[in-house]
Amino acid sequence: DMSWAGSRLIITSMVAPFGTAVVAAYGVGNQVTAFGIMLLVGIGLGLSALIGHNLGAAKHDRARKTADQALLLGAGVMIIFGAITFVFARDVIGLFFDAAGTVEVGRTMLRIFALGYPFLGAFIMMEEIFMGAGWNTPPMVMNLITSWGLQAAPVLVLANHFALGETSVWWTLTLANVIMACAFYLYYRRGRWLTARV
């Protein structure tokens with residue numbers, strides 16, 4: 001969405017001082033992540049329709065079961081994608097760059113990103129569940145908090161006040177996804193979305 005894309009632009013400017021190799025690798029990392037997200041888009045669109053249909057028919061148990069299964073599916077797909085990315089990180093980066101320094105930076109970055117992909121998969125499914133229930137505000141708020149509060153702001157601090165290197169940025173972005181997915185899951189388990197009138 002626009003919030004995620006906007007924060008990526010800002011974060012790119014923040015990692016620029018680390019050098020062109022880091023910026024180039026980060027650009028590829030975003031594309032790899034976007035490809036993983038794309039794998040879930042079709043599932044998510046179908047999920048939203050199923051959730052809306054079940055809630056509209058007052059089949060709350062079926063809606064809950066469908067949502068729970070979708071969370072497992074989303075996380076499972078991204079576990080596989082993350083495992084492939086982790087194992088073949090060097091080869092993926094090597095498709096774009098020849099420079100050894102850039103390849104090494106990109107390999108480290110993709111392996112760190114891959115650890116958070118299952119959480120990202122679950123997060124995307126929860127977004128679709130809430131949108132299917134007609135509750136667009138919770139996903140929007142969670143995205144804003146993640147993109148700006150847990151990613152852009154900490155990266156700004158790390159880039160300007162601590163000499164921790166670009167690896168700290170990759171860990172910050174990944175841990176932000178993990179934290180917000182867990183927080184969103186706790187909100188999801190409360191089940192208030194099941195009371196939505198569709």
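The model on the screen is a predicted one.

Next, select helix α2 itself, residues 20-56. At 1.5 Å a residue, its 37 residues should span 54 Å, and the C-alpha atoms at its ends lie 52 Å apart, which agrees with that expectation. Then centre the view on valine 41, where α2 bends by about 35°.

Now display helix α3, residues 60-87, together with helix α7, residues 166-189. The two pack at an angle of about 165°, and their axes are 13 Å apart. Angles over 145 degrees count as roughly antiparallel, so α3 is roughly antiparallel to α7. The crossing in which α3 passes α7 is left-handed. To see the contact, select Arg64, Ala67, Asp68 and Leu71 on α3, and Tyr185, Tyr188 and Arg189 on α7. These contact residues comprise 4 nonpolar and 3 charged ones, with no polar residue. While examining such a list, recall that an α-helix has 3.6 residues a turn, so residues three or four places apart point the same way.

By class, the contact of α5 with α7 holds 21 nonpolar, 5 polar and 2 charged residues.

Definitions and conventions
Residues numbered from 1 in each chain as written. Predicted model: local features only at pLDDT ≥ 70, side-chain atom pairs only at ≥ 80, totals over all residues. Heavy atoms only, no water. Axes fitted to C-alpha atoms, helices over the stretch in contact; angles between N-to-C directions. Helix = DSSP H or I, 4+ residues; strand = E, 2+ residues; numbered from the N terminus. Parallel < 35°, antiparallel > 145°, perpendicular 65-115°, else oblique. Left-handed = near helix turned anticlockwise from the far one by under 90°. Contact = heavy atoms within 4.5 Å. Nonpolar A, V, L, I, M, F, W, Y, C, P; charged D, E, K, R; others polar. Expected span 1.5 Å × (residues − 1). Bend = angle between axes of the 7 residues up to and from the residue.
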